[in-house]
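Here are my notebook entries from a sit-down with this model. I went through the pairing of the chains, then a helix pair, then a sheet.

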There are 2 protein chains.
Amino acid sequence: MSAATPDLSALAEPRWNEVHNPTSPVIRFGENEPLRLECQQDLAPFAIAYQTYGELNADKSNAILVCHALTGDQHVASDHPITHKPGWWTSLVGPGKAVDTNRFFVICANILGGCMGSTGPASLNPKTGKPYGLDFPVITIGDMVEAQARLIDKLGIDQLFCVIGGSMGGMQVLEWAARYKERVFSAAPIAAAAWHSSQNIAFHEVGRQAVMADPNWAAGNYYAAGTTPKNGLAVARMAAHITYLSEEALHQKFGRNLQDRDTKTFSFNADFQVESYLRYQGSTFVDRFDANSYLYITRAMDYFDLREKHGQVLANAFRGTKTRFCVVSFTSDWLYPTRESRAIVQALNAVAANVSFVEIDSDKGHDAFLLEEPTFFKTIRGFLNAAATKRGLAPVPEGRS
Amino acid sequence: MSAATPDLSALAEPRWNEVHNPTSPVIRFGENEPLRLECQQDLAPFAIAYQTYGELNADKSNAILVCHALTGDQHVASDHPITHKPGWWTSLVGPGKAVDTNRFFVICANILGGCMGSTGPASLNPKTGKPYGLDFPVITIGDMVEAQARLIDKLGIDQLFCVIGGSMGGMQVLEWAARYKERVFSAAPIAAAAWHSSQNIAFHEVGRQAVMADPNWAAGNYYAAGTTPKNGLAVARMAAHITYLSEEALHQKFGRNLQDRDTKTFSFNADFQVESYLRYQGSTFVDRFDANSYLYITRAMDYFDLREKHGQVLANAFRGTKTRFCVVSFTSDWLYPTRESRAIVQALNAVAANVSFVEIDSDKGHDAFLLEEPTFFKTIRGFLNAAATKRGLAPVPEGRS
């Protein structure tokens with residue numbers, strides 16, 4: 001860190017190291033390479049931290065960009081540097097997996113606005129030498145995609161074989177397909193939507209208000225105080241977490257089971273397993289995530305509406321596309337229900353795009369895309385195999401399907 | 001107030017008057033009339049504040065007990081003393097309405113644990129002369145019903161013509177029908193459930209954690225400090241409010257419409273109407289409701305499981321009942337979905353009870369029971385008319401249906 005860097009010793013937790021000096025590779029864009037944001041501000045300098053898995057082939061035609069969701073990061077298929085848990089999409093991505101890293105070169109960048117090494121509100125503002133806080137500009141899904149495109153440029157890749165992602169990752173996939181038709185050979189938006197619904201905006205607003213209600217948030221300037229709005233962020237995470245599961249999943253997982261006791265305590269203890277589970281989800285989240293990043297990223301999702309720049313007609317966003325699409329939804333996902341995927345498919349059909357649509361039967365809710373769902377894996381594997389054949393990639397090695 | 005009453009001048013807001021000296025009638029039970037609670041504590045003294053509408057007939061056979069929901073109160077069909085808005089169920093209850101106060105004597109009591117004059121955590125603890133705070137015992141739906149039964153005793157009514165309520169009010173209706181089979185001629189549990197689901201416990205826990213995360217909550221002792229955990233309670237209310245509406249209702253009401261502006265502000269302002277609406281819901285709620293009451297009442301709902309005292313078989317709760325039931329659900333209610341009403345109906349059918357079940361087609365979500373739903377009104381009117389005939393009440397006056 002430069003001499004201008006303030007004393008961040010109070011923020012010695014591992015996650016602050018990941019903000020400023022991530023353990024993954026980083027590409028830094030200088031003052032002379034500003035990113036023009038949708039809010040019309042220029043962001044410079046900025047950094048994009050990323051991970052790769054597998055090897056880029058000679059003609060650079062086997063690259064798959066994975067786009068991560070709200071609380072995800074670039075550590076798709078390798079251990080997380082803070083939690084030391086396996087990467088968040090090891091179910092799908094890895095050697096021999098549906099997104100086979102023996103065959104494909106997988107790239108994932110921490111999103112702009114994130115807190116795992118890409119520039120975000122916890123990063124140092126070059127004008128002040130202090131973390132941006134709320135001086136960080138409000139960014140959009142489009143801005144995230146532009147930053148990723150810059151990274152892909154630096155990696156010397158003209159066309160991505162596939163862009164894939166779930167939830168907010170799926171929003172980025174759609175934005176990629178709309179902005180860079182020639183650079184996306186195939187695209188898989190999963191459990192996503194082309195615009196954020198009123199109900200989803202509402203849930204996000206609750207989360208933001210929970211963070212902002214925490215006095216430790218300090219109008220976004222908690223970095224200097226060496227504190228974080230842990231309580232507020234934990235509440236936000238708890239509320240959001242409910243929306244990631246289905247009622248059926250909660251019922252099957254917890255029902256009305258009591259936690260480590262035989263009878264109710266007639267108190268406000270976590271008598272029920274579901275309470276204990278949620279509290280745990282909240283408390284562990286705050287150890288790895290920046291509260292301001294949570295505000296900025298939820299805002300970007302709320303702002304997302306792919307119709308807006310296309311005369312309010314979604315189909316116009318995809319007009320002329322040659323990309324092969326695979327749209328996936330899950331039956332019990334009430335955060336991004338199937339009808340929202342269907343709207344994407346209808347728009348693609350309206351412009352005669354090459355699209356397949358699969359609704360996966362699952363009781364796991366929105367989180368299903370992160371979990372063991374064999375039919376989902378099979379769908380993605382089949383889609384990528386067919387696209388690879390079309391793209392002229394080497395066939396799947398003997399003995400693997 | 002007695003000489004032992006502490007200085008509450010810091011709490012001069014109208015709602016503190018309603019806690020201690022409600023504008024509605026109150027029946028006070030003395031030290032010699034304790035209420036034995038399910039937690040095995042005795043509560044004494046205690047007060048039950050209530051409202052009545054219409055007139056009790058000579059043989060006291062026309063009394064309808066209305067049970068209110070989580071944030072409701074006894075002011076069913078008359079102006080609220082704090083907000084001065086019309087009572088919360090004026091859509092259904094009043095002269096000539098489905099619950100016709102020209103014909104029936106309608107009683108509604110503020111629930112035990114509430115903050116509108118019935119004893120709750122904001123009431124003065126006779127042992128300390130200060131508000132109970134968390135020294136108030138954790139109460140149950142059964143305890144609420146016991147307190148109501150004491151009130152009904154004092155009013156000299158042996159049998160209620162009907163017990164009716166929606167949401168948590170419906171839970172009380174079920175508890176009444178199970179505990180006091182001879183005292184309930186007819187019962188209408190609306191948009192309710194016989195046990196609180198895992199998902200509903202989860203949402204309540206988020207709300208409680210939001211309140212408790214507010215430093216002004218002060219472990220429940222905020223009364224003395226003259227503060228209230230407004231921010232935390234507002235967040236809790238916002239989260240809960242989303243669950244009261246359907247996604248369709250939010251979409252129709254707000255969609256992605258912007259609030260008082262033409263373009264996004266690229267800020268954390270309430271750009272969207274739905275954000276503005278939720279913030280308003282949160283901020284107005286804290287002016288009329290006690291945060292500790294919110295904790296206690298949500299806890300009571302979470303604890304509710306009518307199967308528990310009946311060998312885990314719901315039907316056993318109703319065995320031998322002669323009560324006439326009308327169970328009502330709404331198609332778009334995802335907080336208490338139709339299948340939970342169906343479980344009640346199945347239990348009633350299993351003991352050959354007299355039950356009719358109506359699922360009302362509505363896009364308004366859980367809140368539908370409070371809103372203009374003509375089919376719902378017609379259902380309740382028809383049910384009460386038939387029950388009144390059976391009970392031998394005077395027929396509906398000429399010209400009214």
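**Symmetry.** I superposed chain B on chain A and found a rotation of 180° with 0.0 Å of shift along its axis, at an RMSD of 0.0 Å. That is how a two-fold axis relates copies.

**Ground rules.** I noted that this is a predicted model, where local features need pLDDT of at least 70, side-chain atom pairs count only at pLDDT 80 or more, and totals for chains, interfaces and linings use all residues. Residues are numbered from 1 along each chain as its sequence is written, while chains are lettered from A and ligands numbered from 1 in the order in which they are written.

**Interface.** How many residues of chain B are in contact with chain A? I found 43 residues of chain B in contact with 43 of chain A, a contact being two residues whose C-beta atoms, placed from the backbone, lie within 7 Å. On the chain B side, α4 gives the most, with 11 residues. (Helices are DSSP runs of H or I of at least four residues, strands are runs of E of at least two, and both are numbered from the N terminus.) By class, this side of chain B has 24 nonpolar, 9 polar and 10 charged residues. Ala, Val, Leu, Ile, Met, Phe, Trp, Tyr, Cys and Pro count as nonpolar, Asp, Glu, Lys and Arg as charged, and the others, Gly among them, as polar. I also saw that 100% of the interface residues of chain B are interface residues in chain A too, so the copies meet through the same surface.

**Helix pair in chain B.** Next I looked at α4(B) (residues 198-213) and α9(B) (residues 291-303), whose axes come within 10 Å and cross at roughly 160°. The axes are lines fitted to C-alpha atoms, for helices over the stretch in contact, with angles from 0 to 180 degrees between N-to-C directions. The crossing makes the two helices roughly antiparallel, a label for angles over 145 degrees. Among the residues that meet are I201(B) and V211(B) of α4(B), and L295(B) and M301(B) of α9(B).

**Sheet in chain A.** Which strand order did I find? The open sheet of 8 strands runs β1-β4-β8-β5-β11-β12-β13-β14 in chain A, with mixed pairing. Strands pair if DSSP finds at least two bridges between them. β1(A) and β4(A) pair in the antiparallel sense over 4 bridges, and V26(A) has A49(A) as its bridge partner in β4(A).

Definitions and conventions:
Copies are superposed by least squares on the C-alpha atoms of residues with pLDDT of at least 70 in both. Angles under 35 degrees count as roughly parallel, over 145 as roughly antiparallel, 65 to 115 as roughly perpendicular and the rest as oblique.
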